[in-house]
Amino acid sequence: MLNTLTQAFALITTWEVIIAILAASVYGLVIGSLPGLSATMATALLVPVTFYLSPIAAIATIVAASTMAIFAGDIPGALLRIPGTPASAAYADEAYAMTRKGEAELALGAGVWFSAVGGIAGTLSLMILAPPLAEIALSFSTFEYFWLAFLGLMCATLVARSSPVKAIASMFIGLLVACIGIENPGGVPRFTFGITDLFGGIEPIPALVGVFAVAQVMRAMLTPEPPPIPRRKFGSIMAGQWKLTKKYNRQMTRGNIVGIIIGVLPGAGADMAAWVSYAMSKRFSKEPEKFGTGHVEGVVEAGASNNASIASGWVPSLLFGIPGDTIAAIAIGVLYMKGLNPGPTLFTEKASSMYAIYLMFIIANIIMIPLGIVMIRLASNVLRAPRSTVMPVIMLCCAVGSFAIGNNIFGVVIVATFGVIGYVMEENGYPVAAMVLGIVMGTMIEQSFVTSLIKSDGSVLPFFERPIAAILAAMAIGALIWPVLVWVWRKLKRAPVPANSAP
């Protein structure tokens, strides 16, 4: 283990990786602090850049940018009441109320401090959970992988904030996209319509860039410009944070645990972790009446939770290739592109690379504190950048990056097409995260299913005979019928009870 750790240190102490971490951190802070943009979009825009980097430097940019962007969304939330990222929306009103009370430094300091603590807690969960799970996963066959992928898709529909029907519809759209091309067990062209460029299928990366970056630009250009932030001087950002840590130690720990658990669920993500933790904080607080008036307790718990979910979301991604959230979905694409194919063997054959990822998460969360303080002090300048300047630059990056990945103009068309699809889906309440999960996992589900049927000579019994497969199958089927049971239960509760007629 010591030898592996030494190799990991050697991997991350090269100038390329150090510069990549610092540059991606600054980039993530800037993008995350701009209202209306998201950590997922920041990560998606980095993909073309990772094409020219070494594997470790490429992963370093994804880790650093996503970690910083999740925290940076707190800045406009506290100062403008406009969350920079969806993960900051849960407690933006609370942080803004603190600013109006003259406690902006306390709100922003709590954001950066407890985000860093939560990120480190999530990293520790990744280090603790992943290796033993990898040992178990080494015994998995295609039967277990099929049910695991199926369970991941069902979980994504369960945790979606929209209706389960719309989430399932989005998932099926993603699975349909994954069917395009000839890369299927039968080698038969499907949905190509005679277009040669579609024979290779739709690559997940251009689709992700379109859905998260282009769609976000379209949405931003159709909404009013946020009000300019007034210039102000901040006092000490970190004053009182250690006192808060001791006072709200239980809330911080609970937020970390909730974030880790939700992060492991496929398709959930940091925004759901923040909403759940904020609700729990209010539910179990000794002072629930203070929530909404500028009470720091909810900021502490939700801030710790959203960053804890980022690292724990990599657990299913690295082990099984099942993304814990949309950022992890992009990371999976980069891992495949760089030859670090997700799976349990990754922890045995390339253990030093895994330890390097752990170390990068820890480093990113530690440097978040000084860089976050600098970003808070520069916030008034960054938040004054007009949309009319920022959005064209983002669109240009999308176009150039999508062309650079395959040196093909068809990549630009794919990005634009999925940008329109993502925008229309979001406007009508269809969660794009479920569609992304379908695109990323569609090939895995189909190949596992067909290979399993070939092994069993067409029999479906082996899907349920192996112990682990049977457990996963029960969980997956339970997740499938759960929305139906909830719907029936609500209908029965609403049904009027007929009055007993008099004899």
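Me: Which residues do ring pairs link into a cluster?
Reply: In this predicted model, a cluster joined by ring pairs contains Phe143, Phe146, Trp147, Phe150, Phe449, Phe463 and Phe464.

Me: And how many aromatic pairs does the count come to?
Reply: The count comes to 13 aromatic pairs. Take Phe146 and Trp147 as one of the pairs: their ring centres are 5.1 Å apart and their planes meet at 65 degrees, so the pair is edge-to-face. An angle over 60 degrees is what places a pair in that class.

Me: Are Phe146 and Trp147 buried or exposed?
Reply: Phe146 and Trp147 are both buried.

Me: What about charges, then: which ring does the charged end of Lys166 sit over?
Reply: The charged end of Lys166 is placed over the ring of Tyr430, at 5.2 Å from the ring centre.

Me: Changing topic to helix H4: what should its residues span?
Reply: Helix H4 covers residues 55–72, which is 18 residues, and at 1.5 Å a residue these should span 26 Å.

Me: Why is H4 described as largely enclosed?
Reply: Of the 18 residues of H4, 17 are buried, and therefore the rest of the structure largely encloses this helix. A residue counts as buried when its relative accessible area is under 20%.

Me: Now the nonpolar core. Which residues touch the most other members of the largest one?
Reply: The largest nonpolar core has 145 residues, and those touching the most other members are Trp314, Leu318, Phe347, Met360 and Phe418.

Me: What does Leu318 touch?
Reply: Leaving aside residues up to four places away in sequence, Leu318 touches Leu126, Leu335, Pro342, Gly343, Leu346, Phe347, Met354 and Ile357.

Me: One more topic: where does Phe191 lie?
Reply: Phe191 lies in the loop that runs between helix H9 (164–178) and helix H10 (204–221). Its phi is near 55 degrees, which is a positive value in a residue other than glycine.

Me: And what is the phi of Phe193?
Reply: The phi of Phe193 is near 55 degrees, again a positive value in a residue other than glycine. Phe193 also lies in the loop between H9 and H10.

Me: How do Phe191 and Phe193 count in terms of accessibility?
Reply: Phe191 has a relative accessibility of 43%, so it counts as partly exposed. Phe193 is at 70%, and therefore counts as exposed.

How values were computed:
Residues numbered from 1 in each chain as written. Predicted model: local features only at pLDDT ≥ 70, side-chain atom pairs only at ≥ 80, totals over all residues. Heavy atoms only, no water. Helix = DSSP H or I, 4+ residues; strand = E, 2+ residues; numbered from the N terminus. Expected span 1.5 Å × (residues − 1). Buried < 20%, exposed > 50% of the residue type's maximum accessible area, 1.4 Å probe, protein only. Core = buried A, V, L, I, M, F, W, Y, C linked by side-chain atoms within 4.5 Å. Contact = heavy atoms within 4.5 Å. Phe/Tyr/Trp six-rings, centres within 6.5 Å; stacked < 30°, edge-to-face > 60°. Lys NZ or Arg CZ within 6 Å of the ring centre and 35° of its normal.
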